[in-house]
Amino acid sequence: MKKKSSEKKRHVVAWANKAEWDQVLEYLYSKDSALQRYALQRISAWRGRYANSTPVAVDCTADLVRCQVLDRSGRLDGDDLVLLYGAGLVRFVNLITERQQGRTARPLRRLAGKLNIPEWVVDLRHDITHRKLPTLKWCRKGCKVVLEWLQQEYWSRQLGGGPNEDWESESDGEEEESDLKRQGDELLARQKEMEAYKNARELLISFEKEQYQAFDGLPEDKEKNLWPAPFADMSWLLGEIKQFALQSSNLLVDVLLEDGFLVPTVEQLETLGCDTSDNTSPTEPRLAQTFLRFWLPLLKMLNSPAFIHLLLEKLFGELKVLAKEQNNHRAFYLSGWIAELILCNGNKFEYHFETKGQKKARMKDRIFVNRIQLRWQQLLSACLDAPCISTPHLLQLILDDMEHPLPLETRQRLFQLCSIYTQSSHSECDTSPAQKQQPIYTLESLHEKLQHSRRRSTAVAERSESSQEYSWADAHAEKARLLRGSPWQLCSDKVLWKNYPLGKVPGQSDDPSCLMVENYSTMTVFDQPVELESNTTHNVPGAPVRTADGLLWNHSDVNKLKSGLQLF
């Protein structure tokens with residue numbers, strides 16, 4: 001039995017010995033066209049011995065090497081070479097993927113992906129077959145990549161023994177079995193994900209129930225905004241949530257950002273005694289202290305740098321989704337949590353209106369105390385990718401808390417970009433000296449400077465208790481003062497310019513002859529005054545020659561003058 005099995009594994013080959021195989025392989029991948037032609041002749045002899053059973057990889061390699069030899073010979077032009085390379089690449093993709101096809105046709109991209117063939121090679125084959133022919137550069141690149149693939153996947157594997165074409169043939173039964181196994185694995189993974197999602201919701205709902213019970217159990221005379229410290233019977237629940245976060249932190253954050261958790265419902269806010277109108281001014285969102293302390297025990301337990309990074313990334317991602325779905329309530333709390341996390345990072349932000357006791361209490365309410373090295377560039381990009389009414393405030397917090405602050409000019413440009421996204425004004429740029437010195441280019445910038453000047457004048461007038469209204473003359477004078485040194489001038493006439501198209505002024509006739517002057521005189525070219533030139537004379541090719549009698553124009557110069565003349 002052993003003898004029969006060993007005989008069954010033997011293969012009949014077309015080359016005389018291993019030395020001939022090594023020689024052909026070396027000559028095929030050499031840069032010498034003469035050696036490559038010799039290798040092609042040996043493969044032609046192999047084909048005669050193999051008849052119709054020549055290995056597919058050997059045929060494809062010979063076709064593509066022949067393309068390179070003819071390309072280097074210089075006997076073919078570009079279009080011929082594109083067709084030649086195209087035929088070789090189409091044959092390669094078709095022949096290599098043919099044995100992978102089962103009873104039902106499968107996409108070539110999927111079959112090529114299983115064989116580690118680059119997808120763009122399949123796309124190149126598709127363009128050659130069905131669309132416009134690619135350029136010669138792409139054909140040469142495709143030939144080079146395919147030859148490298150053949151050397152790695154076929155020729156190099158044959159050095160240890162006879163031909164092994166398992167890589168290019170697979171039974172239909174194995175394909176179907178692998179597909180069923182993959183579908184089963186996907187179904188099992190989906191079921192596990194659903195179970196983990198349910199577990200995450202149950203843990204967070206249990207946490208909320210414990211917190212609500214602790215809140216309701218507080219005495220009436222005690223300020224409920226100073227609660228709560230985590231109770232001993234909650235330690236087991238917090239431990240389970242922490243263990244779950246170590247295994248599935250992404251899923252836990254996704255559930256936290258659902259409505260009813262970090263984004264509270266109106267009923268939850270009323271239960272906690274929070275003002276439900278907190279989101280009426282969302283430009284600088286601040287979370288209610290009671291609501292913040294409700295989640296502090298959980299967030300303090302999950303305050304690792306990795307979790308904070310992930311939470312900020314998910315918060316900005318949810319804000320980006322809300323750019324298409326208008327939801328002011330949800331946007332307010334998402335922005336509020338982002339602001340709270342950035343405010344916790346370091347001691348840069350001081351609240352001068354707070355007492356020492358309030359500052360000490362606020363330090364106790366921080367989600368984390370030690371400063372975290374945040375990914376500032378990533379946060380900056382995420383903030384600008386999620387434009388909302390709170391973006392200027394969030395952008396200000398990020399720029400102020402960066403380890404290495406950006407230059408002032410870059411900050412102002414970012415605020416200008418932010419104002420374009422959110423259709424709002426940027427306060428930092430309005431009050432900065434650099435912005436005040438910027439020239440006026442648009443009507444909007446003039447209005448902004450005018451409003452700023454009016455606010456400043458009104459403040460001065462109120463302090464002196466002699467406030468007065470702006471008259472039209474005062475406004476006109478103020479505008480003229482702001483435009484001083486600008487290329488623009490203020491029109492003193494009250495004209496509705498929207499009624500006049502560009503290039504036309506009031507009172508102008510529709511007849512184009514009105515642009516002609518009434519009095520004019522004619523003169524010849526020779527009578528025109530000629531300015532004296534400097535001592536240094538520049539010879540311009542094609543210019544008329546100046547003589548004692550004037551300028552001599554030849555026939556071609558006159559034709560050029562005539563072609564350049566246009567009658568009104």
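User: Let me start with Asn116: is this residue buried or exposed?

Analyst: Happy to begin there. Relative accessibility is the quantity to look at, and over 50% counts as exposed. Asn116 has 56% relative accessibility, so it counts as exposed. Keep in mind that this is a predicted model.

User: Where does Asn116 lie, and what is its phi angle?

Analyst: Look in the loop between helix 6 (108-114) and helix 7 (119-130), where Asn116 lies. Its phi is positive, about 65°, although Asn116 is not a glycine.

User: Let me step back to the overall fold. How many helices and strands does the protein chain have?

Analyst: The protein chain has 24 helices and two strands. Of its 568 residues, 36% count as buried.

User: And what share of the contacts join residues at least 24 apart?

Analyst: Take the contacts between residues at least 6 apart in sequence: 66% of these join residues at least 24 apart.

User: Now, how do I read a helix pair? At what angle do helix 14 and helix 17 cross?

Analyst: Start with the axes, then move to the residues. The axes of helix 14 (residues 305-321) and helix 17 (residues 376-385) cross at roughly 20° and come within 8 Å. That angle makes helix 14 roughly parallel to helix 17, since angles under 35 degrees are placed in that class. The crossing of helix 14 and helix 17 is left-handed.

User: Which residues of helix 14 and helix 17 meet?

Analyst: From helix 14 come Leu312, Glu313, Phe316 and Lys320, and they meet Gln378, Leu379, Ala382, Cys383 and Asp385 in helix 17. By class, the residues of this contact between helix 14 and helix 17 are five nonpolar, one polar and three charged.

User: What about helix 10 and helix 11: at what angle do their axes cross?

Analyst: Helix 10 (residues 235-247) and helix 11 (residues 249-256) have axes that cross at roughly 120° and come within 5 Å. That makes helix 10 oblique to helix 11. On the helix 10 side the contact is made by Ile241, Phe244, Ala245 and Gln247, and on the helix 11 side by Ser249, Leu251 and Leu252. The residues of the contact of helix 10 with helix 11 divide into five nonpolar, two polar and no charged.

User: One more pair, please. How do helix 4 and helix 8 pack?

Analyst: Helix 4 (residues 56-73) packs with helix 8 (residues 136-155) at an angle of about 145°, and their axes are 10 Å apart. The crossing of helix 4 and helix 8 is left-handed. Among the contact residues are Cys60, Leu64 and Asp71 of helix 4, together with Arg140, Cys143 and Trp155 of helix 8. By class, the contact of helix 4 with helix 8 has eleven nonpolar, two polar and two charged residues.

User: Those cysteines make me curious. How many disulfides are there?

Analyst: The general idea is that a disulfide is a covalent bond between the sulfur atoms of two cysteines. The cut-off here is a pair of cysteine sulfur atoms within 2.5 Å. By this rule the count is zero disulfides. Cys139, for one, is in no disulfide: the nearest cysteine sulfur is that of Cys143, 9.2 Å away. Cys139 has 0% relative accessibility, so it counts as buried. Cys388 is in no disulfide either, with the nearest cysteine sulfur, that of Cys383, 7.6 Å away. At 17% relative accessibility, Cys388 counts as buried, because the cut-off is under 20%.

User: Which loop is the place of Gln326, and how far in space is this residue from Cys388?

Analyst: Gln326 is in the loop between helix 14 and helix 15 (328-344). C-alpha to C-alpha, Gln326 and Cys388 are 9.8 Å apart in space, and they are 62 residues apart in sequence. With 67% relative accessibility, Gln326 counts as exposed.

User: Last one: where is Asn370 found?

Analyst: Asn370 is found in the loop between helix 16 (356-364) and helix 17. Its relative accessible area is 63%, so Asn370 is exposed. The C-alpha atoms of Asn370 and Cys344 are separated by 8.6 Å, and these residues are 26 apart along the chain.

Notes. Residues are numbered from 1 along each chain as its sequence is written. This is a predicted model: local features need pLDDT of at least 70, side-chain atom pairs count only at pLDDT 80 or more; totals for chains, interfaces and linings use all residues. Side-chain values use heavy atoms; hydrogens and water are left out. Axes are lines fitted to C-alpha atoms, for helices over the stretch in contact, and angles run from 0 to 180 degrees between N-to-C directions. Helices (H or I, at least four residues) and strands (E, at least two) are DSSP runs, numbered from the N terminus. Angles under 35 degrees count as roughly parallel, over 145 as roughly antiparallel, 65 to 115 as roughly perpendicular and the rest as oblique. A crossing is left-handed if the near helix is turned anticlockwise from the far one by less than a right angle, and right-handed if clockwise. Contact means heavy atoms within 4.5 Å. Ala, Val, Leu, Ile, Met, Phe, Trp, Tyr, Cys and Pro count as nonpolar, Asp, Glu, Lys and Arg as charged, and the others, Gly among them, as polar. Buried means under 20% relative accessible area, exposed over 50%, partly exposed in between (1.4 Å probe, protein chains only).
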